[in-house]
Amino acid sequence: MADHVDRVLEQWAVQRPDLDVSTMAVLGRLKRLSRLVDVETGRTFNAHGLDPASFDVLATLRRSAAPHRLTPAELMRSSMVTSGAITQRLDRLEARGLVSRRPSASDGRSVVVELTDEGRALVDETLPDHLATSEGLLSALTAEEREALAAGLRKLLESLGGGMS
């Protein structure tokens, strides 16, 4: 069954048969998928009073070792949030009582961010719904297809310097 991207490729084949537009088959679908994933996961996070970046910060703290505490720099490296967004996110999350910031015990010049009990409860409540949304988004693929897709995407990300190991 043809999709929107197939129709775009067919149009280019007619208009510019001299060009290889096959990369659009992958990148066009990735772009369309990204938008769909953002909408669906956004709905899930919104149902819990969160946005994707706030969930990512809270989840990054939650998956770190107890007591679920990181410096802002560690948060930036471990999450999908840019350095410019960390302070803004932390301000909002702290105002809601989901994280706390305080001077580091080992270095009084730096700050540590810790997940509060309320923040932990919210992540623990949201995560199963997020995983159910993710499962629904990938339900058309078999386990083997998911593994192959994940491996291919990992290889692509690493080749572009986005693997962030």
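Helices and strands, as named on this tour, are DSSP runs numbered from the N terminus, a helix being H or I over at least four residues and a strand being E over at least two. The model in your viewer is a predicted one.

Select histidine 68 to begin, which lies in the loop between α3 and β1, and note that its phi is near 60°, a positive value in a residue other than glycine. In the loop between α3 and β1 (69-70) you will also find proline 67, and if you display the backbone there you can follow the cis peptide bond that joins alanine 66 and proline 67, with omega at about 15°.

Next, select helix α3 (residues 52-63) together with helix α5 (residues 83-95), which pack at an angle of about 80° with their axes 10 Å apart. Because angles of 65 to 115 degrees count as roughly perpendicular, α3 is roughly perpendicular to α5. Showing side chains brings up the contact itself, to which α3 gives Ala53, Ser54, Val57 and Leu58, while α5 gives Arg89, Leu90 and Leu93. Coloured by class, this contact of α3 with α5 has five nonpolar residues, one polar and one charged.

In the whole model, the count comes to twelve salt bridges.

Finally, switch to a surface view and select Val26, Leu27, Leu30, Leu149, Leu153, Leu156 and Leu160, which form a nonpolar patch with about 610 Å² of accessible area together.

Terms used: Residues are numbered from 1 along each chain as its sequence is written. This is a predicted model: local features need pLDDT of at least 70, side-chain atom pairs count only at pLDDT 80 or more; totals for chains, interfaces and linings use all residues. Side-chain values use heavy atoms; hydrogens and water are left out. Axes are lines fitted to C-alpha atoms, for helices over the stretch in contact, and angles run from 0 to 180 degrees between N-to-C directions. Angles under 35 degrees count as roughly parallel, over 145 as roughly antiparallel, 65 to 115 as roughly perpendicular and the rest as oblique. Contact means heavy atoms within 4.5 Å. Ala, Val, Leu, Ile, Met, Phe, Trp, Tyr, Cys and Pro count as nonpolar, Asp, Glu, Lys and Arg as charged, and the others, Gly among them, as polar. Patches are made of residues with over 30% relative accessible area and no salt bridge: like charges are joined within 9 Å, nonpolar side chains (Val, Leu, Ile, Met, Phe, Trp, Tyr) within 5 Å. Accessible areas come from the Shrake-Rupley method with a 1.4 Å probe; for residues, only the protein chains shown count as cover. A salt bridge is a side-chain nitrogen of Lys or Arg within 4 Å of a carboxyl oxygen of Asp or Glu.
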